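Let's take a walk through the inside of a protein chain and see what sits next to what.

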Amino acid sequence: MHQNSSFATLFMEIYWITTQLKTELEDEAFLTKRYDQKVARKVAQRLREIGAAPSYAKLPPATGKHPIKEGSRFLYFAVDVPGLGEKRGKLRLLFKPFGEYNSAHVETIVAVVILGLDDYH
């Protein structure tokens, strides 16, 4: 929720690149069938963690949060989504900042657009 500048943000807003992606990533049965049960649970957990954090800077380190850059150009962010038998895994929940923010100050990222679940390695 965005509030005026005299109030702190309570939690990050989550938007979706498509309604189909939202439907798929919020469907545990779909994710279990496509990947596995651990992935399905981790996606739900990561979405809760993103929604509960007041900004990207406050995401727990255990999410494996990291920026994705091309050279020095910022592209988007990712968090780890491990599957069965994996520690970090190869899947990443990808998202980009939304609204007004300063990429040099990640605490200003208080809204994100979920782009997908992908193995970009």
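The largest nonpolar core has 23 residues, and Leu-25, Phe-95 and Ile-114 are the ones with the most contacts inside it. A nonpolar core here is a set of buried Ala, Val, Leu, Ile, Met, Phe, Trp, Tyr and Cys residues joined through side-chain atoms within 4.5 Å. Buried means under 20% relative accessible area, exposed means over 50%, and partly exposed is in between (1.4 Å probe, protein chains only). Two or more residues of this core come from each of α1 (19-25), α3 (37-52), β3, β4 and β5. The top contributor is α3, with five residues. These labels are DSSP runs numbered from the N terminus: helices are H or I with at least four residues, strands are E with at least two.

A quick word on what you're looking at: this is a predicted model, where local features need pLDDT of at least 70, side-chain atom pairs count only at pLDDT 80 or more, and totals for chains, interfaces and linings use all residues. Residues are numbered from 1 along each chain as its sequence is written, and side-chain values use heavy atoms, with hydrogens and water left out.

Now for α3 itself. Its 16 residues reach 23 Å from first C-alpha to last, close to the 22 Å expected at 1.5 Å a residue (that is, 1.5 Å times one less than the number of residues). Its buried residues include Val-39, Val-43, Leu-47 and Ile-50. An α-helix has 3.6 residues a turn, so residues three or four places apart point the same way. Among the elements covering the buried residues of α3 are β1 (13-16), α2 (28-34) and β4.

Which strands does β4 pair with? Strand β4 (residues 91-97) has six of its seven residues buried. On one side, β3 (residues 73-81) runs antiparallel to β4, joined by five bridges, and Val-81 is partnered with Leu-91. Strand β5 (residues 111-118) is also antiparallel to β4, with six bridges between them; here Phe-95 is partnered with Ile-114. Strands count as paired if DSSP finds at least two bridges between them.

Next, the rings. The structure holds four aromatic pairs, and rings of Phe, Tyr and Trp (its six-membered ring) pair if their centres lie within 6.5 Å; planes under 30 degrees apart are stacked, over 60 edge-to-face, and the rest tilted. Here are two of them:

| Pair | Centre to centre | Angle between planes | Type |
|---|---|---|---|
| Tyr-15 and Phe-98 | 4.6 Å | 45° | tilted |
| Tyr-56 and Phe-95 | 6.2 Å | 55° | tilted |

Tyr-56 sits in the loop between α3 and β2 (66-70), 39 residues from Phe-95 in β4, so this pair links distant parts of the chain. Tyr-15 counts as partly exposed because its relative accessibility is 31%, and Phe-98 counts as partly exposed because its value is 41%.

Technical notes: Contact = heavy atoms within 4.5 Å.
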